[in-house]
Amino acid sequence: MANDYTVMLETFEARLRHLMFMFDNMKKENAALKAQLAQKNDELLQLQSQLRQQESQYTDLMSARMLTLYDNDIESTKKRLNRLIHTVDKCIAMLKN
């Protein structure tokens, strides 16, 4: 009978040690995954910033191209410029409110 308890206690201790080992491994893996997630989030923020810059540059280039395409028609170009200025003024007014 005492032998059965000893065997059961040894089995319990072995399983507990294994469980603790697995827990430590999971903690390390969790920490590594959290670090990787933080790195990916930083990379995502950087890429979003680059995207915004590229979109802004694209818009500027398209506006400049639009103005140069219609350079022959000066009156039309003036109207387009006035519309662009009006749009910018509206944006500034909205930002002030």
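Select S76, T77 and R80: these are the buried residues of helix 2, where buried means under 20% relative accessible area, exposed over 50% and partly exposed in between, with a 1.4 Å probe and protein chains only. This is a predicted model, in which local features need pLDDT of at least 70, side-chain atom pairs count only at pLDDT 80 or more, and totals for chains, interfaces and linings use all residues. Residues are numbered from 1 along each chain as its sequence is written, and side-chain values use heavy atoms, without hydrogens or water.

Next, select residues 74-96, which form helix 2.

R83 is exposed, with a relative accessible area of 53%.

Finally, show the whole protein. It has 2 helices and 0 strands (DSSP runs numbered from the N terminus: H or I of at least four residues for helices, E of at least two for strands). The radius of gyration is 33 Å, well over the 13 Å of the globule rule for 97 residues, so the protein is more spread out than a compact globule. That radius is taken over C-alpha atoms, and the rule is 2.2 Å times the number of residues to the power 0.38. The C-alpha atoms fill a box of roughly 105 × 30 × 15 Å along the principal axes. Buried residues make up 3% of the 97 residues.

Technical notes. The expected span of a helix is 1.5 Å times one less than its number of residues.
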